Amino acid sequence: MTASPSTPTTRRGLLRTGALTAAGAGAAMLGGPPAPAAAAPRPRGRRPGTSGVTLRWFGVNGWEIRTATQTVLIDPWITRFRTGMFSPSGIDPTTALRVDPATIDRYVTAADVILVGHGHFDHIPDVPYIAGKTDATVLGTASHGHALTALGMNPTQMNVVRGGEWLDFDSFSVSVHPALHSVVGKRRSVPFPGDLPVPAATAPHTIADLPDGGTLIYQITTHDGFSVFNMSTANFVTDTISGLRPDVAIVAVGGKDVHDYLGRLADAIGQPTAIVPTHWDDPDQPLTSPAADPRGQLAAFRDALPRYFPRSRLVVVDHLRTFTP
């Protein structure tokens, strides 16, 4: 890819734009020349690109959300290491955890708040290092806090939340919503389930040592009313997000084993101006490579979206690319 990872998205920075096949919804892939796309409704009368917010994708559910003056990180997993997640033999639960400070430093320069969606290995191992270098406030469940402390984070940086909180920061607020992890397999079960009810006696050292620890959905709203919704995995509790009307919804792909996943989600959050898919790439591949869709989850999401979100524009962001809504 030729564009700088921090370069705001322009028409030259689009990999692919195409009209979705139903209801006039637009789709874009950030990184190459675009094709015409149907116009999407503009949030609260703003012109596109004037929200004062930028979003950059670090793969999986890693996001950097910048306002004019502050930076929010969500599940910032920059190190990436091979686990066999999409290999024929499947994920190796004995894979050792590791953190690569040099790689993190290359891409993460600031953070005021870090939001933890859930506690799995592809969401939290880099958080203690990032929190230490930035002095960020970290939001997550008590289980996430115990895991992060065991991984070396200063416990005074942890703000334990359970859902229902609405917290004001200098240039934005964060609302916290209880959620559920996606389910997989014959039993429709959560991978690496459970909690850490007390601080771990020893530091986690394999990916199986990090249970989900509870799942949270967040909505970030700037003080002038622009909102970004994020779900770290493809499941939710309808009542806890019903009535949210985000301008941008970062939505986890998948959910095929969750009843009416996209239909219920649309009923709950309405029709955002932009929907940005998350957690669809292959984490065994380098962050510097274009995101790969090994199981066709993004393709299925793209095909299904017009039925449920006919007034929303699909924007697919590639690794390290920036979207300015």
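An open sheet of seven strands, with mixed pairing, runs in the order S8-S7-S6-S5-S4-S3-S16; strands are DSSP runs of E with at least two residues, helices are runs of H or I with at least four, and both are numbered from the N terminus. Two strands are taken to pair if DSSP finds at least two bridges between them. The model is predicted, so that local features need pLDDT of at least 70 and side-chain atom pairs count only at pLDDT 80 or more, while totals for chains, interfaces and linings use all residues. Residues are numbered from 1 along each chain as its sequence is written, and side-chain values use heavy atoms, with hydrogens and water left out.

The edges of the sheet are strand S8 (158–160) and strand S16 (322–323), each of which pairs on one side only. Strand S5 (residues 71–74) is joined to strand S6 (residues 113–115) by three bridges in the parallel sense. Within this pairing, Ile74 has Leu115 of S6 as its bridge partner.

Helix H2 (residues 127–134) lies across S5, S6 and strand S7 (137–140), and runs at about 165° to S6. Helix H3 (residues 142–150) also packs on the sheet, where it touches S7 and S8, and its direction makes about 155° with that of S8. Axes are lines fitted to C-alpha atoms, for helices over the stretch in contact, and angles run from 0 to 180 degrees between N-to-C directions; contact means heavy atoms within 4.5 Å.

H3 is mostly covered, with seven of its nine residues buried (under 20% relative accessible area with a 1.4 Å probe and protein chains only; exposed is over 50%, and partly exposed lies in between). The buried residues of H3 are Ser143, His144, Gly145, His146, Ala147, Leu148 and Ala150, and they pack against H2, S7 and S8. After H3 comes Gly152, with a positive phi near 110°.

Seven aromatic pairs were counted, where rings of Phe, Tyr and Trp (its six-membered ring) pair if their centres lie within 6.5 Å, and planes under 30 degrees apart count as stacked, over 60 as edge-to-face and the rest as tilted. The Phe81 and Phe121 rings have centres 6.2 Å apart and planes at 35°, so this pair is tilted. Phe81 belongs to the loop between S5 and helix H1 (101–107) and Phe121 to the loop between S6 and H2, so that the pair links distant parts of the chain, 40 residues apart. Phe81 is buried at a relative accessible area of 5%, and Phe121 is buried at 3%. One aromatic cluster is formed by Trp57, Trp63 and Trp280.
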